[in-house]
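Hi,

Here is the structure I promised to send over. Have a look at it first, and my notes on what turned up follow below.

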Amino acid sequence: MSGEALSLPPVQAPKLRLPRLRPSIVWREELIARLDTASEHRLTVVSAPAGYGKTTLASAWAASRNEGQPSAVVSWLALDQGDNDPIRFWRYFITACQVCHPGVGRDALAFLQSSLQLQPERLLDMMLSSFLNDLGDSTQVGIVVLEDYHLIMAPQIHERLATLLQFPSPGLRLILLTRSDPPLPLARLRALDDLYELRTADLRFTLDETRLFLRRSPGLSLPEESVAYLHARTEGWPVGVQLASLALRGQGSMSEAKHALSNLSGHHRHIQEYVVDEILREQSEPLQAFLLQTSGLDSLTASLCDAVTGRSDSAAILEYMERANLFLQPLDGAQIWYRYHALFAEAMQHEAQRRYGEEEMRKYLKRASAWYAREDMLPEAIEVAIRARDFSCAASLIVRLVEPMGSYFERQTLWRWLKMLPDEVLEAQPGLGFLYAAALLFTHDRHAPLTKTRIEIPLRLAERYWRDEGNLERLAQIQAFRALVALWQEEYAESFRLARESLEHLAEHEVQWRGMSLLNASLEDLWAGRFDKAWNACTQAHLFLASCGSNAPMFASIAAQAEICLWRGALHQASTLYQQILAEIERQDIGAHWPDDQGGALLGMARLSYEWNMFERAQEQAEEVLVLGQRGHKEELQIRALFLLARVTGQPEYAQRAATLLTGIQRTRLRRELLLEQASVALAHGDLSTVLRWSTHLPQQEEPFTTLLHEQEMLLLARLFLVQERVAEAIALLSSLLPRAREQGRVQSELEGLTLLALAHAAGREDERSLPDARRLLLLVLEKAHTEGYQRLFLDKGEPMCLLLRATMRDISSDALLSYTRELIQHFPSSDSKPGAELLSPQELRVLRLLAAGRSRPEIANELIVSVNTIKTQIRSIYNKLNVSSRKDAYDAAKRLHLL
């Protein structure tokens with residue numbers, strides 16, 4: 001397995017080049033003009049059976065549009081069966097778009113090489129989102145022609161192409177050349193006037209076009225009567241006209257010509273017989289052999305044909321065939337690569353099987369595979385080896401392709417190759433069993449039990465081989481891989497055990513596997529509240545993962561460190577770590593690639609902004625998280641962002657939207673976490689029925705790996721007890737929780753528990769002088785909380801907390817703590833305190849306003865006619881009273897207190 005930056009097999013340049021026009025082409029002015037009109041629509045579909053000149057027409061039009069332009073306005077992509085791999089399709093599609101729009105989709109292309117840790121559907125959606133964002137910024141119109149779109153069968157490709165067509169993009173138009181209507185929303189596009197169509201009737205040759213074509217055919221001169229007869233007989237079918245012209249060469253009389261024409265039908269069922277009887281047998285024996293032996297090749301070049309046929313003159317033969325119009329289509333302007341017309345190739349393959357037999361044809365394919373392998377065109381070599389049923393060779397080539405990179409980014413293709421290999425081949429290549437398991441995991445639902453079951457068969461093959469070999473390093477990789485599988489299957493005990501065992505045997509250079517296993521194992525310590533051990537493991541994992549450029553798990557390690565900081569009450573350090581993730585994403589310019597990591601860090605920042613009572617910033621950040629979650633189809637991100645927005649705005653509609661999404665969450669632990677969040681928001685909104693419903697399903701005892709989660713559930717239950725005036729139960733519950741939280745350094749839980757316990761002791765007491773226990777507890781919380789700037793910890797407790805804070809002020813001796821408490825009281829809705837009048841003296845207010853205006857200390861001293869030392873003393877006093885340490889922090893605090 002590898003990091004996110006994988007080596008790419010080379011793009012086949014001929015697929016992206018306009019087909020070269022023949023000198024004898026019939027220039028179809030009317031249809032070319034119609035394509036000019038078509039290019040004003042979002043989608044153009046040129047749909048007709050084979051042989052109607054779709055490619056010739058579109059390439060002629062494209063050449064005319066590009067002629068004289070400083071850069072191409074029309075690009076081309078010739079599709080084949082292999083492009084049903086979504087990764088491959090979009091890689092070529094975006095590359096074709098870049099011909100017209102240089103730079104567009106650069107991030108999306110990089111994203112397509114991302115680590116196997118992303119599910120394919122999610123990866124493709126993120127890629128498309130990035131690509132659409134780039135297109136939205138483009139003003140120049142570019143047109144992409146997709147040739148042979150009927151070969152695309154993958155629903156994932158159709159769905160995302162439909163999505164692309166839904167978004168208005170002034171910079172992109174598509175033209176599909178296809179034998180059948182594509183499964184795209186054509187009716188909707190037609191209704192919106194976004195679709196232009198050219199069909200069989202439009203593409204038939206007119207009589208004039210038939211006449212012009214025949215005039216340009218070498219060695220053929222027909223009277224007008226014969227031209228009209230041929231046109232009627234072929235029904236304007238362009239390839240039929242071409243076939244007829246070949247048949248009529250050398251016919252001595254009109255009667256002979258009519259006889260030849262009588263054997264030709266405009267229907268395709270006669271093509272096989274016609275190609276064999278009227279074209280193939282007219283060629284010399286050596287040329288016949290060449291055609292049949294190379295008929296199974298998707299593309300042809302001289303050295304490849306030499307290797308397949310054993311000849312040395314393939315270049316001359318290809319040149320002759322092109323001049324003779326023998327259905328050979330040039331794929332590039334340099335006349336290096338060609339392909340046969342599809343109908344011609346199919347007929348030749350059928351005849352080759354009949355003449356030579358299956359085994360002989362496999363021999364030619366094996367030669368082709370060997371040639372591709374020598375040229376280091378490994379994907380092509382693998383495809384041909386599989387067609388030749390040379391599975392052992394295909395297996396070796398797959399290992400050769402994948403092992404240097406550790407992965408293969410076209411995952412659907414890798415999965416398709418591997419599942420075609422027989423069991424005995426997989427057994428002979430143990431590494432393939434491992435690859436097979438990985439490909440299966442990352443192309444299927446990793447959380448589904450069936451996925452794990454299917455993975456076990458190939459994984460055991462590799463495991464058995466390496467165990468017999470005594471290869472502990474490879475066995476450790478399998479353990480690390482199994483740890484991931486178990487984690488996603490919520491088999492936590494097994495996952496943590498395997499992760500720790502793998503670390504004992506993984507080689508030092510296996511930094512990614514070591515980093516992944518360390519990160520996996522750190523979860524056990526984190527969930528159990530063992531923060532020191534979790535922190536050390538995350539730190540080491542971060543170093544390993546950063547060294548190999550493995551972004552997703554590296555970001556996860558930083559996020560885990562930030563979570564530890566939150567539990568420890570180190571809010572500012574957590575903020576720094578979240579900002580580190582966001583800064584690294586911005587530095588690498590990969591925001592579109594990692595919306596879940598970016599969204600997770602932004603969500604952490606939004607929660608901190610909320611805790612610091614910066615509602616406007618918290619709302620902006622939460623809304624951004626919501627958008628990222630929607631783009632990446634990340635329900636968890638959306639739900640958490642919606643719950644936070646419900647808190648910030650006080651609008652229950654957000655919580656209702658989150659509840660709707662929550663019904664689709666099946667993973668047990670995640671669902672439990674989100675239900676806790678839902679209940680917390682419901683309590684804040686006074687929705688006691690939802691909270692009571694949640695409380696009836698709570699586990700009564702702590703379960704394995706739920707220490708922190710259970711603790712948070714019990715704290716919320718204590719809040720519910722207080723609302724229900726079950727004070728004694730609340731005190732008993734909190735008193736049992738707090739010692740353990742304090743002992744294990746869970747400051748966040750301790751602070752929450754102490755505030756609730758203080759409110760419990762104060763409940764029902766009217767006389768402030770009778771609240772010593774409550775004031776003592778609250779003073780302890782204030783001393784622990786003020787350095788990190790906690791606010792919602794207090795404010796979310798409402799008016800009872802405001803009263804208790806007022807009562808506690810008499811016990812506060814520190815100026816900084818007193819300033820902090822006054823600021824808290826000011827932010828309660830019912831507060832009538834005027835801290836601006838009490839907190840700072842008139843002179844300090846003047847100094848503060850000049851500081852906020854950006855004045856230096858000497859400038860302030862000069863304006864207020866005092867010494868610089870006096871200003872320094874006053875600034876220190878201001879900082880102490882506002883509980884800040886910098887000019888910026890003073891400005892922010894002053895704005896919150898309405899002092900400016």
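Arg389 is partly exposed, with a relative accessible area of 49%. In this predicted model, Arg389 sits in the loop that runs between α19 (378-387) and α20 (391-402). Its phi is near 60 degrees, a positive value in a residue other than glycine.

Asn613 belongs to the loop between α31 (595-611) and α32 (615-631). With a relative accessible area of 17%, Asn613 is buried, because the cut-off for buried is under 20%.

Now to the charged pairs.

- Arg460 and Glu456 meet through their side chains in a salt bridge of 3.1 Å, N to O. The two are four residues apart in helix α24 (residues 449-469), so about one helical turn separates them. Arg460 is partly exposed, at 49% relative accessible area, whereas Glu456 counts as buried at 14%.
- Arg640 forms a salt bridge with Glu677, and their closest N and O atoms are 2.9 Å apart. Arg640 lies in helix α33 (residues 635-649) and Glu677 in helix α35 (residues 668-684), so this pair ties together parts that are 37 residues apart in sequence. Both Arg640 and Glu677 are buried.
- Glu713 and Arg672 make a salt bridge of 2.8 Å, N to O. Since Glu713 is in helix α37 (residues 707-723) and Arg672 in helix α35, the pair ties together parts 41 residues apart in sequence. Glu713 is buried, with a relative accessible area of 1%, and Arg672 counts as buried at 15%.

There is also a network of salt bridges, which links Arg607, Glu636, Arg640, Arg669, Glu673 and Glu677.

And which buried residue has no salt bridge? That is Arg514, whose nearest side chain of opposite charge, Glu508, is 4.3 Å away. Arg514 lies in helix α27 (residues 511-527). Leaving aside neighbours within four places in sequence, Arg514 is in contact with Leu503, Leu506, Ala507, Glu508 and Phe544.

Next, a pair of helices. The axes of α3 (residues 86-100) and α6 (residues 155-166) come within 10 Å and cross at roughly 35 degrees, and the crossing is right-handed. On the α3 side, Pro86, Phe89, Trp90 and Phe93 take part, and they meet Gln156, Ile157, Arg160, Leu161 and Leu164 of α6. The residues of this contact divide into seven nonpolar, one polar and one charged.

Last, helix α45 (residues 842-852). Its buried residues are Gln843, Glu844, Leu845, Val847, Leu848, Leu850 and Leu851. For Leu850, the relative accessible area is 11%. Not counting residues up to four places away in sequence, Leu850 touches Arg855, Ile860, Glu863 and Leu864. Leu850 and Leu864 are 14 residues apart in sequence and 9.8 Å apart in space, C-alpha to C-alpha. After α45 comes Gly854, whose phi is positive, near 90 degrees.

Happy browsing, and do write back with any questions!

Best wishes

Definitions and conventions: Residues numbered from 1 in each chain as written. Predicted model: local features only at pLDDT ≥ 70, side-chain atom pairs only at ≥ 80, totals over all residues. Heavy atoms only, no water. Axes fitted to C-alpha atoms, helices over the stretch in contact; angles between N-to-C directions. Left-handed = near helix turned anticlockwise from the far one by under 90°. Contact = heavy atoms within 4.5 Å. Nonpolar A, V, L, I, M, F, W, Y, C, P; charged D, E, K, R; others polar. Buried < 20%, exposed > 50% of the residue type's maximum accessible area, 1.4 Å probe, protein only. Lys, Arg positive; Asp, Glu negative; His and termini not counted. Salt bridge = Lys/Arg side-chain N within 4 Å of Asp/Glu carboxyl O.
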